Amino acid sequence: LYVDVKSHKNAAEVPQVKIFRYFGSINFATAASFKKEIVQNFQVTANSRNLIIDLSAVPHIDMRGCRSLLEIKNEMKSLGVKFYLASASDCVYESLMKASQLLEVTFECFPSVHDAVLYTQKIK
């Protein structure tokens, strides 16, 4: 349902939603570059935008990676952007839930990108 609009000429963006798909592990070695890539690719143009991180191509995340997600979540919140995670594999989801308890934070996770998009459309 959701493809890169730069690669598919007939694709259109979902209004007020940016979807970021990351390929690779998010860990102590990659956390800084992961965060930098999001900041470079996601430009906030208005309050009430939504950022969905598609984790379908992330095979592993460690505690440093979870902290990086928390930092991004907090930065987005300060800009008025809602932050969601989607399509995490079972092991990535489990790591996120464990990190949520340790960091005392709630990550809003959806089973698919489409579920996350539908949610953003309902909470207007």
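Me: Why is Thr120 called buried?

Reply: Buried means under 20% relative accessible area, exposed means over 50%, and partly exposed is in between (1.4 Å probe, protein chains only). Thr120 comes out at 2%, so it counts as buried. Bear in mind that this is a predicted model, where local features need pLDDT of at least 70 and side-chain atom pairs count only at pLDDT 80 or more, while totals for chains, interfaces and linings use all residues. Residues are numbered from 1 along each chain as its sequence is written, and side-chain values use heavy atoms, with hydrogens and water left out.

Me: Where does Thr120 sit, and which residues does it touch?

Reply: Thr120 is in helix H4, residues 113-122. Helices (H or I, at least four residues) and strands (E, at least two) are DSSP runs, numbered from the N terminus. Leaving out residues up to four places away in sequence, Thr120 touches Val17, Asn50, Ile52 and Tyr84. Touching, or contact, means heavy atoms within 4.5 Å.

Me: What makes Asn50 buried?

Reply: Its relative accessibility is 5%, so Asn50 counts as buried. Asn50 belongs to strand S2. Beyond its neighbours within four places in sequence, Asn50 is in contact with Gln16, Val17, Lys18, Phe42, Val81, Lys82, Tyr84 and Thr120.

Me: Gln16 is on that list. How far is it from Thr120 in sequence and in space?

Reply: They are 104 residues apart in sequence, and their C-alpha atoms are 8.7 Å apart in space. Gln16 is in the segment before S1. With a relative accessible area of 37%, it falls in the middle class, so it is partly exposed. Its phi is near 65°, a positive value in a residue other than glycine.

Me: Which class does Ser87 fall into, buried or exposed?

Reply: Buried: the relative accessible area of Ser87 is 17%. Ser87 lies in the loop between S3 and H3. Ser87 also has a positive phi, about 60°, although it is not a glycine.

Me: What makes Glu37 partly exposed?

Reply: Its 33% relative accessible area puts Glu37 in the partly exposed class. Glu37 is found in helix H1 and touches Phe20 and Tyr22, again not counting residues up to four places away. Glu37 and Tyr22 are 15 residues apart along the chain, with C-alpha atoms separated by 8.9 Å.

Me: What caps the N-terminal end of H2, and what follows H2?

Reply: Asp62 is the cap, with a side-chain oxygen 3.1 Å from the backbone nitrogen of Arg64. Gly80 follows H2, and its phi is positive, near 80°.

Me: Which residues lie nearest the centre of the largest pocket?

Reply: Among its 22 lining residues, Val3, Asp4, Val5, Ile19 and Phe20 lie nearest its centre. The elements giving two or more residues to this lining are strand S1 (17-21) and S2. S1 supplies the largest share, 5 residues. The volume of this pocket is about 780 Å³. On a 1 Å grid over the protein atoms alone, a pocket is an open set of points with protein on both sides within 12 Å along at least five of seven lines, and lining residues have an atom within 4 Å of a point.

Me: How do the lining residues of the largest pocket divide?

Reply: They divide into 13 nonpolar, 3 polar and 6 charged. Ala, Val, Leu, Ile, Met, Phe, Trp, Tyr, Cys and Pro count as nonpolar, Asp, Glu, Lys and Arg as charged, and the others, Gly among them, as polar.

Me: What lines the second largest pocket?

Reply: Its lining is Lys73, Asn74, Lys77, Gly80, Val81, Lys82, Phe83, Tyr84 and Glu108. H2 and S3 are the elements that give two or more residues to it.

Terms used:
Polar contact = N/O pair within 3.5 Å; in protein donor to acceptor, adjacent residues only side chain to side chain. 1 Å grid on protein atoms, 1.4 Å probe; cavity = no way out; pocket = protein on both sides within 12 Å on 5 of 7 lines; lining within 4 Å. Points joined across faces, edges and corners; volume = space filled by probe spheres on them.
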